[in-house]
Amino acid sequence: MKRVFIVGSINTDFVISAPYVPAEGETLAGGGFFTARGGKGANQAVATRRLGGEIKMCGCVGDDLFGRETVRAFEKEGVDVSHVRTVANTPTGTAVIIVSGGENRIILDMGANACLTREDVDTFLQDAERGDIYLTQLENPIDVIGYGLRKAKEKGLFVVLNPAPANADIIPYLQYCDLITPNETEIEILGGTEKLLALTRATIVVTLGGEGYKIITEKGETKYPCMQVTAIDTTAAGDTLCGGLVARLAKGSSLLDAVEFGGRAASIACMKKGAQPSIPTYEEVKNYKT
């Protein structure tokens, strides 16, 4: 089995449900407040591990309670944290999440995530081997993320980019990707399907929420449905798909089988509240009956 190397963000989420998103100047009664570990990089690392992958994580946390709790939680999950760096005098990244109608609105404070460096990436990839899988997102400095894509490609890793939250500054680095996993909004911000295909030879997997996903290559595109569930909270659904996808690719599955497995895991994640608390295990996905 190949190893999965993930570079990305580590956050603590503050989640509250509301009947709708408040207007400017409006105070709205909500409920169901809770905190949970999150961050797209951390979510994808936990998802990859729970869904059967051997995972190493690179990122930054603050020297606060949230950072210490996150590292302990990673260790409990079986995630290699030898490249999770604690940054002095800096808070751990945070996300404030409003959940309304099963969908979420998110406000981010990068915190320690802004401190990720090229040196962190270089050290992290020292023992990576050709054929290992590299997965990253866009909640850290874009120049560092782009640098990581290039270095991973140079070392012969299979490079996967989840371009979220969408940022057009990543476009010059797309040439180093083997697989890109945007949602519909993100692919438009990056210029649309035709532009992406002109910039890279990567396969594109576009997630479509409750409608499933599309697999796009230079030869065309095919749409596939996802497992239908009643969504309670979509937080980390996309991260769960990415984690399940790379976990199965690391075991030698075809892309189609890997995406189907990741999509199934993502659907199950939508049935629970929170980011990492909602991510299922391999056994839960395998045994879930529709």
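Helix axes here are lines fitted to C-alpha atoms over the stretch in contact, with angles running from 0 to 180 degrees between N-to-C directions. On that basis, in this predicted model, the axes of helix 7 (residues 237-250) and helix 8 (residues 255-269) come within 7 Å and cross at roughly 145 degrees. Both helices also supply residues to the lining of the largest pocket, whose volume is about 1,300 Å³.

**Helix 7 and helix 8**

- The crossing in which helix 7 passes helix 8 is right-handed.
- On the helix 7 side the contact is made by A237, T240, L241, G244, L245, R248 and L249, which meet L255, A258, V259, F261, G262, G263, A265, A266 and A269 of helix 8.
- Sorted by class, the residues of this contact comprise 11 nonpolar, four polar and one charged.

**The largest pocket**

- The largest pocket, with its volume of about 1,300 Å³, is lined by 48 residues, of which N104, N183, T234, A237 and G238 are the closest to its centre.
- The lining of the largest pocket divides by class into 22 nonpolar, 18 polar and eight charged residues.

**The second largest pocket**

- The second largest pocket has a volume of about 190 Å³, and its lining consists of T12, T35, A36, R37, R50, F66, E69, T70, A73, E77, Q276 and P277.
- Two or more of these lining residues are given by strand 3 (31-38) and by helix 2 (65-77), and helix 2 gives the most, with five residues.
- Nonpolar, polar and charged residues are represented in this lining by four each.

**Aromatic pairs**

- The model holds four aromatic pairs, including one between F14 and F66 that is edge-to-face, with 5.8 Å from centre to centre and 85 degrees between the planes.
- Because F14 lies in strand 2 and F66 in helix 2, this pair ties together parts that are 52 residues apart in sequence.

**Backbone details**

- The peptide bond that runs from A164 to P165 is cis, with omega near -10 degrees, and P165 lies in the loop between strand 9 (158-161) and strand 10 (179-180).
- Although N89 is not a glycine, its phi is positive, at about 60 degrees, and this residue is found in the loop between strand 5 (80-87) and strand 6.

Methods. Residues are numbered from 1 along each chain as its sequence is written. This is a predicted model: local features need pLDDT of at least 70, side-chain atom pairs count only at pLDDT 80 or more; totals for chains, interfaces and linings use all residues. Side-chain values use heavy atoms; hydrogens and water are left out. Helices (H or I, at least four residues) and strands (E, at least two) are DSSP runs, numbered from the N terminus. A crossing is left-handed if the near helix is turned anticlockwise from the far one by less than a right angle, and right-handed if clockwise. Contact means heavy atoms within 4.5 Å. Ala, Val, Leu, Ile, Met, Phe, Trp, Tyr, Cys and Pro count as nonpolar, Asp, Glu, Lys and Arg as charged, and the others, Gly among them, as polar. On a 1 Å grid over the protein atoms alone, a cavity is a set of points where a 1.4 Å probe fits but cannot get out, and a pocket is an open set with protein on both sides within 12 Å along at least five of seven lines; lining residues have an atom within 4 Å of a point. Grid points are joined across faces, edges and corners, and a volume is the space filled by probe spheres set on the points. Rings of Phe, Tyr and Trp (its six-membered ring) pair if their centres lie within 6.5 Å; planes under 30 degrees apart count as stacked, over 60 as edge-to-face and the rest as tilted.
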